[in-house]
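Student: Please take me through this structure by way of questions and answers, starting from its open space and going on to individual residues.

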Amino acid sequence: MELKLLTPVKIGHTELANRVVMAPLTRCRTAEPDNVPTALNAEYYAQRASAGLIISEAAQISRSAQGYAGSAGIYTDAQEAGWKKVVEAVHANGGRISAQLWHVGRVSHAYFQNGGAPVAPSAIPAEGTKCHIIRENGEHAFVPCDPPRALSVEEIGRIVGQYRDAAARAVRAGFDFVEEHAANGYLLQQFQATNTNRRTDRYGGSLENRARLTLEVLDAMLEVVPCDRLGVRISPYFNINGIDDAEPEEMALYLAAEFGKRNIAYLSVAEPSWVGGIALTDAFKKKIRQAFPGALIYAGEYTREKAEAVLQSGLADAVGFGRLYIANPDLVARIRQDGPYNAPDRATFYTEGPKGYTDYPFLKDSPVQKP
């Protein structure tokens, strides 16, 4: 009997060939400071186009939204043109791709801020958190994030506008979906979380106020993207990048219900277990299913067997794979025959060039190891 993981699924009004999703993976393969997607990026994504859906690496909506050298932007004409070539390459290989839009907030450094401070809901440093810069000698380095300053209400409004503009660029570039990255300890989750948001205005205090920016950004994106082509990523119980939220379940369920009211296509849930956090329970996933009527995608250390189980349970409609997709461009074929799988080379996750990026062998090319 065929795996449910390999059967078609409709997300929004778009038919996907299977339920295997390539999770968003920051790979830092563009050049500073222009951060324009290149032919190498297009090759990388095209290699993985057999996924039902590729969710792109997070693309920053402005230079000040960046925290990792080499991460791609989507706020200039050149960046938009670069992404258009990526999308065309994926489509030429029969794939579908979603653009994930990103603002890192306080997970940044003066390197990206023209010498100034990163921005955040409140002036609370991200203790123990690092970002990625290039030193004057050309050396790549992970360094502590700089202390942030609190955003003004006027600045928040400008950031909402930057998300809208980036979403419009994603549509022009031809992406099948556009995703709001409201997870993983970056700006929107910094507003959501109780320990990183100490504001006393309409963006702080109550749960609804802390969720406000996430929803304002989504509503701005809805002005330029049809609801059936929009997704959001959240990460309840996430515990790195300095996040320690006292109300993770309440926030997740409130947001899921609000997303449902807006009829967006999908909700992608990043499970915290891949970074050492707690595993999300089936009881919690049932509550998310009840709150959100659209397609649900879960990602976080999934294997073929674990993915099939969550699909068969009805708690998920598709499953995201991250590190397996780094090393296995033909992951769908490998899942179909139950392996073997290439092992990812962690030393090349955030380096430059094709090594560890586009040079992993396909099944027909080389013997590989099963993890």
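Student: Which residues lie nearest the centre of the largest pocket?

Tutor: In this predicted model, the lining of the largest pocket comprises 47 residues. A pocket here is an open set of points, on a 1 Å grid over the protein atoms alone, where a 1.4 Å probe fits and protein lies on both sides within 12 Å along at least five of seven lines, and a lining residue has an atom within 4 Å of a point. Nearest the centre of the largest pocket are Pro24, Leu25, Trp274, Arg323 and Tyr350.

Student: How much space lies in the largest pocket?

Tutor: Rolling a probe the size of a water molecule over the atoms shows where empty space is left. The volume is the space filled by probe spheres set on the grid points, which are joined across faces, edges and corners. For the largest pocket this comes to about 1,200 Å³.

Student: Which element gives the most to the lining of the largest pocket?

Tutor: By class, this lining has 26 nonpolar residues (Ala, Val, Leu, Ile, Met, Phe, Trp, Tyr, Cys and Pro), 10 charged ones (Asp, Glu, Lys and Arg) and 11 polar ones (the others, Gly among them). At least two lining residues each come from β6 (97-102), β8 (130-134), α8 (304-312), β15 (318-321), α9 (323-327) and α10 (331-336), where helices (H or I, at least four residues) and strands (E, at least two) are DSSP runs numbered from the N terminus. With 3 residues, the element that gives the most to the lining is α9.

Student: Which members of the largest nonpolar core touch the most other members?

Tutor: A nonpolar core is a set of buried Ala, Val, Leu, Ile, Met, Phe, Trp, Tyr and Cys residues joined through side-chain atoms within 4.5 Å; buried means under 20% relative accessible area, exposed over 50%, and partly exposed in between (1.4 Å probe, protein chains only). Of the 87 residues in the largest core, those that touch the most other members are Phe259, Leu267 and Phe321.

Student: How many residues make up the second, separate core?

Tutor: Among the members of this second core are Tyr68, Trp102, Val104 and Val143. The number of residues in that core is 14.

Student: What separates the C-alpha atoms of leucine 230 and leucine 267?

Tutor: Leucine 230 is found in strand β12 (residues 230-234) and is buried, with a relative accessible area of 0%. Beyond four places in sequence, the contacts of leucine 230 (heavy atoms within 4.5 Å) include Phe177, Met221, Ile264 and Tyr266. Although leucine 230 and leucine 267 are 37 residues apart along the chain, their C-alpha atoms are separated by 9.0 Å.

Student: Is arginine 29 buried or exposed?

Tutor: Arginine 29 sits in the loop between β3 and α1, and its contacts beyond four places in sequence include Asn41, Gly70, Tyr350, Glu352 and Tyr357. The C-alpha atoms of arginine 29 and serine 71, 42 residues apart along the chain, are separated by 6.6 Å. Because its relative accessible area is 7%, arginine 29 counts as buried.

Student: What is the relative accessible area of asparagine 114?

Tutor: Asparagine 114 is placed in the loop between β6 and β7 (119-120), and its phi is near 55°, a positive value in a residue other than glycine. Asparagine 114 is exposed, with a relative accessible area of 79%.

Terms used. Residues numbered from 1 in each chain as written. Predicted model: local features only at pLDDT ≥ 70, side-chain atom pairs only at ≥ 80, totals over all residues. Heavy atoms only, no water.
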